[in-house]
Amino acid sequence: MKNSQILDKFESVLEAGLLKICNGAGILDKMLISPDLTGTWEKYLKDYVADAVENFNQYPEAAVGFASFLGMAVANNWDSDWTAHKDDSYQSYYGSRGFDDMDDHIIEDVLHLKADYGKKVSETMMSCAIAALGLISHEGIETQTELGFYILNRCYSVMFRIGAAVELQRLGYKKFNMA
């Protein structure tokens, strides 16, 4: 895409802003991500984008925000037993209603978060999704355009990384040099 500088700048601004939101909520101090997790996101990207596109017009916050829950689940599985989970399918993270309740399934059944913390994380991730959509609007980007498609892909990627970092921090990773 010719607009790679626009995309890179947008992604950088978005990540910094979402990190501030998570920091303010007390759930993330800094970005931590493993190359294993990044590779898994690349493997899931096509399927995730298909779900997000299908749901975006009715549920834009979910379309953007659920990538963070997927990041949390993948990070949790990476920590617990990556050998057993590295080949999990994208659909294995679905809830009982598929994509529609992926967030609840991950919070309750994969991460087993206590109700108060789970609610805090869910609300923070939805605040991040709203902020991402706000930045798109502020920049005057039409989501139904080619540029909008690529911007949304960057949003999904940032949300995945934010979610993974939130979970890694919850699991106790503080100092770890990620490439």
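What follows is a short chat about how some labels on this predicted model were reached.

Author: Ground rules: this is a predicted model, where local features need pLDDT of at least 70, side-chain atom pairs count only at pLDDT 80 or more, and totals for chains, interfaces and linings use all residues. Residues are numbered from 1 along each chain as its sequence is written, and side-chain values use heavy atoms, with hydrogens and water left out.

Reader: How do you know that Cys128 is in no disulfide?

Author: A disulfide is a pair of cysteine sulfur atoms within 2.5 Å. By that rule the count is zero disulfides. For Cys128, the nearest cysteine sulfur is that of Cys22, 3.7 Å away, and Cys155 has that of Cys128 as its nearest, at 11 Å.

Reader: Why is Cys155 called buried?

Author: Buried means under 20% relative accessible area, exposed over 50%, and partly exposed in between (1.4 Å probe, protein chains only). Cys155 comes out at 0%, so buried is the label. Cys128 is also at 0%, so it counts as buried.

Reader: And what makes Ala62 buried?

Author: Its relative accessible area is 16%, and the cut-off is under 20%, so Ala62 qualifies. Ala62 sits in helix H3; helices here are DSSP runs (H or I, at least four residues; strands are E, at least two), numbered from the N terminus. Leaving out residues up to four places away in sequence, Ala62 touches Tyr48 and Phe99, where contact means heavy atoms within 4.5 Å.

Reader: What makes a set of residues a nonpolar core?

Author: The members are buried Ala, Val, Leu, Ile, Met, Phe, Trp, Tyr and Cys residues joined through side-chain atoms within 4.5 Å. The largest one here has 60 residues, with Leu37, Tyr48, Val64, Leu70, Met125 and Tyr156 having the most contacts inside it. H3 provides the largest share of this core, 13 residues.
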